[in-house]
Amino acid sequence: MSTWKIHWSDGMFQLHGYERGEVVPTLELLFAHKHPEDRPRCEEIVAQVTRTGGYFCMYHRIIDARGRTRRVLTSGDAIMDGDKVIALDGVMIDLTSTLQRETEQTARAAVEGATSTRGVIDQARGILMGQLKMGSEDAFQMLVSTSSHRNVKLVVVAAELVQLANSAESRSYLDTAVKAIQMEGRPSQRRRAV
């Protein structure tokens, strides 16, 4: 700790965008690669561990020598000699590709969910349009009103209606369901009076 001599593995050099021997790792170089928004917190954590010892773990970003931002997890602990910290030992794990893959999967699932939700709602709208001889916007507003009246999500109301229409066994209940939606979807008497 007194000399702040730093030893990097080959992986640590690669993570920071260097080949072994290209640079001499120093504390200044290490902190220079921290993302500007993350650097103060990283410096604070290292300072605290060098004073008090203990374990540290921090999620942060680094910017490598080629300008690429990487998301990393750094963890380690202080090596003590009595009550004095004599070294820090730790690892840095590159989470960039894992987080990117998870973000892409989440985004893809959200798009698929939104698309499927819209499809079910559009089908229910079409059922109401055909059964009640009304326009698209009126049918949609009727679904929205029913959703609000029942205190359930719009897609649930739509899915129930579509399921009734698609099931031969329960198709006889379709007219009853459409009439219920028609009744629940109408404005209340008070709103008409206003």
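Which residue of β3 does Ser-75 stand opposite? Ser-75 stands opposite Val-91. The model is predicted.

**Helix α3**

- Helix α3 takes in residues 39–52, a run of 14 residues.
- Three residues of α3 are buried: Cys-42, Val-46 and Val-49.
- An α-helix has 3.6 residues a turn, so residues three or four places apart point the same way.
- The other side of α3 carries the exposed residues Glu-44, Arg-51 and Thr-52.
- The cover over the buried residues of α3 includes a helix, α2 (27–32), and the strands β1 (55–63), β2 (69–81) and β3 (84–94).
- Gly-53 follows α3 and has a positive phi, near 80°.

**Strands β2 and β3**

- β2 and β3 run antiparallel and are joined by 10 bridges.
- The two strands form a hairpin, with 2 residues between them.
- Gly-82 sits in the turn of this hairpin, and its phi is positive, at about 75°.

- Asp-38 belongs to the loop between α2 and α3.
- The relative accessible area of Asp-38 is 9%, which is under the 20% limit, so the residue counts as buried.
- Through its side chain, Asp-38 reaches the backbone nitrogen of Arg-61 at 2.8 Å.
- With neighbours within four places in sequence left aside, Asp-38 is in contact with His-60 and Arg-61.

**The aromatic pair**

- A pair of aromatic rings is described by the distance of the centres and the angle of the planes.
- The count for this model is 1 aromatic pair.
- That pair is Trp-8 with Phe-13: the ring centres are 5.2 Å apart and the planes stand at 75°, so the arrangement is edge-to-face.
- The angle of 75° is over the 60 degrees required for edge-to-face, and the 5.2 Å distance is within the 6.5 Å limit for a pair.
- Trp-8 and Phe-13 are both buried.

How values were computed:
Residues are numbered from 1 along each chain as its sequence is written. This is a predicted model: local features need pLDDT of at least 70, side-chain atom pairs count only at pLDDT 80 or more; totals for chains, interfaces and linings use all residues. Side-chain values use heavy atoms; hydrogens and water are left out. Rings of Phe, Tyr and Trp (its six-membered ring) pair if their centres lie within 6.5 Å; planes under 30 degrees apart count as stacked, over 60 as edge-to-face and the rest as tilted. Buried means under 20% relative accessible area, exposed over 50%, partly exposed in between (1.4 Å probe, protein chains only). Helices (H or I, at least four residues) and strands (E, at least two) are DSSP runs, numbered from the N terminus. The expected span of a helix is 1.5 Å times one less than its number of residues. Contact means heavy atoms within 4.5 Å. Two strands pair if DSSP finds at least two bridges between them. A polar contact is a pair of N or O atoms within 3.5 Å; within protein, one must be able to donate a hydrogen and the other to accept it, and residues adjacent in sequence count only if both atoms are side-chain atoms.
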